[in-house]
Amino acid sequence: MYSFLISLAALIVGYIFYGKFVEKVFGPDPARVTPAIAKADGVDYIKMPNWKVFMIQFLNIAGTGPIFGAIMGAKFGPACYLWIVFGCIFAGAVHDFLSGMISLRNDGAGLPQIIGTYLGNGMKKAMLVVCVLLLLLVGAVFVYSPALILGNITGGTAQATGIWIAAIFAYYIFATFLPIDKLIGKIYPFFAIALIFMAVSLFVCLLIKWPSLPEFWDGLANRGPSVGVKGQPIFPYLFITVACGAISGFHATQSPMMARCLGNEKMGRPIFYGSMITEGIVALIWAAISSYFFFDNGAAEFGSDLTASAPAVVTAVSKGWLGIVGGILAIIGVVAAPITSGDTALRSARLIIADAFKMQQRTFGGRLTVSLPIYAICGALLWFNISNEDGFNIIWRYFGWINQTLSIFTLWAITVYLSKEHKDKKYYIISLIPAAFVTSVCTAYICVAKIGFSLPESWLPFIGIFMYLFSCVAFFTWHDAEARGIRYYNRGWVSTKEAEKDNQGRKPQK
């Protein structure tokens, strides 16, 4: 328990001090007119109360990742706490805050447009595909996982699960079409209360029970089911397993959506940085509970073992610790998290596609034109999920890797932004280090994972170190060239001015 409480305190201290430093680096201007006011359209650009914007942002990003990911990550032992703490403070919250604030300064621009502005037009096109694919995967995953929990509660049959899948998908359709303040803005506060109730109640239960959880000083080795002799290595598997609870590329698709509803830049830190820290707290609580479930007295109280699924842990703990009424509220909170991420994922997909092809979204017809293909593809992924025995696990693994990979490009775009905004200072270091680290994690994972190249795990340290150093060298090479007013283009160096012309679609002259 002491390691858990230390980690919890560290998250709060990180928000107060490091969050303030990151805010100072960006320099919010409370007098600046925000896109919610300058581009108000009554559908997506709507100035909303700050507390509502926070609730929506928090629920947007708090899908099953910080809960299911933390449950699976607990099998790695106390190392899970460290990743949640350091990942949230120095990577995830920085990622969410700066992607949201950069969008705010660029008229509410979506993630592909932000990446294109700072990493080039070619990268913008690639990220358009990656972003939309990720959002469709989120939509499919976050329909199935809450439907599975609700189906287990209401009969445990395939038919019950199917009914919930249809109901949740129908809700997604309405949430995607309607103005953001009409449905999402009205029901999210209730869902947020349920989620916060769940976290606070289970935290109190932990304090009362005071279980003997694994501590930092007991060692940081993987404690989960063995793969080989020592189990899956913490690098890179832990950092992919606990994604949304530490850093998530999906969040950068959501921050711009809330940037279109923010009335004052000064609220960026509590809303963007603060919601990520809040999500980290939820992840920490579930990681501690899962440590009890797997390693302390969980076997005696719940008949649990290390092979128990994440939904089974959620259902057993919520009902066992909080009673019938409290358990229902807790489960509603867990179910609400993925539902409220899935609906805004499809909404973000609509906005990103509409921005890319300059399609107006004020009218019902304009939104329908963009949304129909989104529903069709998401439905196909959902059908694959249902009709294949291992469909959910396959989609989840690809979702996890693509999710973390997207954060790489967001962090590098942020790094370039900071290097340009603060040419006389090295503030870019706050995003450079996490960018290089996540680059090494995702590259190492896809090299050794079964969904990737299945290389020997003994290669992991070498792949990770090489990619970290390579990405840093590549950045400093670019940074030095930028300082000298040149860029590498088409197998040759050209002036920065000519390279920027190329980024706008005009061929530069050597």
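This section describes the fold, selected helix packing and some local backbone features of a predicted model.

The model is predicted, and local features are reported only at pLDDT of at least 70, side-chain atom pairs only at pLDDT 80 or more, whereas totals for chains, interfaces and linings use all residues. Residues are numbered from 1 along each chain as its sequence is written, and side-chain values use heavy atoms, with hydrogens and water left out.

The protein comprises 19 helices and 2 strands. Helices (H or I, at least four residues) and strands (E, at least two) are DSSP runs, numbered from the N terminus. Of its 510 residues, 58% count as buried. Buried means under 20% relative accessible area, exposed over 50%, and partly exposed in between (1.4 Å probe, protein chains only). Contacts are heavy atoms within 4.5 Å. Among contacts between residues at least 6 apart in sequence, 80% join residues at least 24 apart.

Helix H3 spans residues 50-61. H3 has 12 residues and reaches 17 Å from its first C-alpha to its last. That span is close to the 16 Å expected at 1.5 Å a residue, the expected value being 1.5 Å times one less than the number of residues. The buried residues of H3 are Val53, Met55, Ile56, Gln57, Phe58, Leu59, Asn60 and Ile61.

H3 packs against helix H11 (residues 251-259), with axes that come within 9 Å and cross at roughly 160°. H3 is therefore roughly antiparallel to H11. Axes are lines fitted to C-alpha atoms, for helices over the stretch in contact, and angles run from 0 to 180 degrees between N-to-C directions. Angles under 35 degrees count as roughly parallel, over 145 as roughly antiparallel, 65 to 115 as roughly perpendicular and the rest as oblique. The crossing of H3 and H11 is right-handed. A crossing is right-handed if the near helix is turned clockwise from the far one by less than a right angle, and left-handed if anticlockwise. On the H3 side, Val53, Ile56, Gln57, Asn60 and Ile61 take part; they meet His251, Gln254, Ser255, Met257 and Met258 of H11. This contact of H3 with H11 divides into 5 nonpolar, 5 polar and no charged residues. Ala, Val, Leu, Ile, Met, Phe, Trp, Tyr, Cys and Pro count as nonpolar, Asp, Glu, Lys and Arg as charged, and the others, Gly among them, as polar.

H3 also meets helix H12 (residues 268-295), where the axes come within 9 Å and cross at roughly 45°. This angle makes H3 oblique to H12. The crossing of H3 and H12 is right-handed. H3 contributes Asn50, Val53, Phe54, Gln57, Phe58 and Ile61 to the contact, and H12 contributes Pro270, Ile271, Phe272, Gly274, Ser275, Met276, Thr278, Glu279 and Val282. By class, the contact of H3 with H12 holds 9 nonpolar, 5 polar and 1 charged residues.

Helices H1 (residues 2-26) and H9 (residues 184-209) form another pair, their axes coming within 12 Å and crossing at roughly 140°. H1 is thus oblique to H9. The crossing of H1 and H9 is left-handed. Phe4, Leu5 and Leu8 of H1 contact Phe203, Leu206 and Leu207 of H9. The contact of H1 with H9 has 6 nonpolar, no polar and no charged residues.

Pro311 lies in helix H14 (residues 310-356). Pro311 is buried, with a relative accessible area of 14%. Not counting residues up to four places away in sequence, Pro311 touches Phe68, Leu148 and Ile149. The C-alpha atoms of Pro311 and Ile71 are separated by 9.4 Å, although the two residues are 240 apart along the chain.

Most residues other than glycine have a negative phi, and most peptide bonds are trans. Phe235 and Pro236 are joined by a cis peptide bond, with omega about 5°. Pro236 is placed in helix H10 (residues 234-241). Asp107, not a glycine, has a positive phi of about 60°. Asp107 sits in the loop between helix H5 (79-105) and helix H6 (111-119), and is partly exposed at a relative accessible area of 46%. Trp210 likewise is not a glycine and has a positive phi, about 45°. Trp210 is found in the loop between H9 and H10. Its relative accessibility is 38%, so Trp210 counts as partly exposed.
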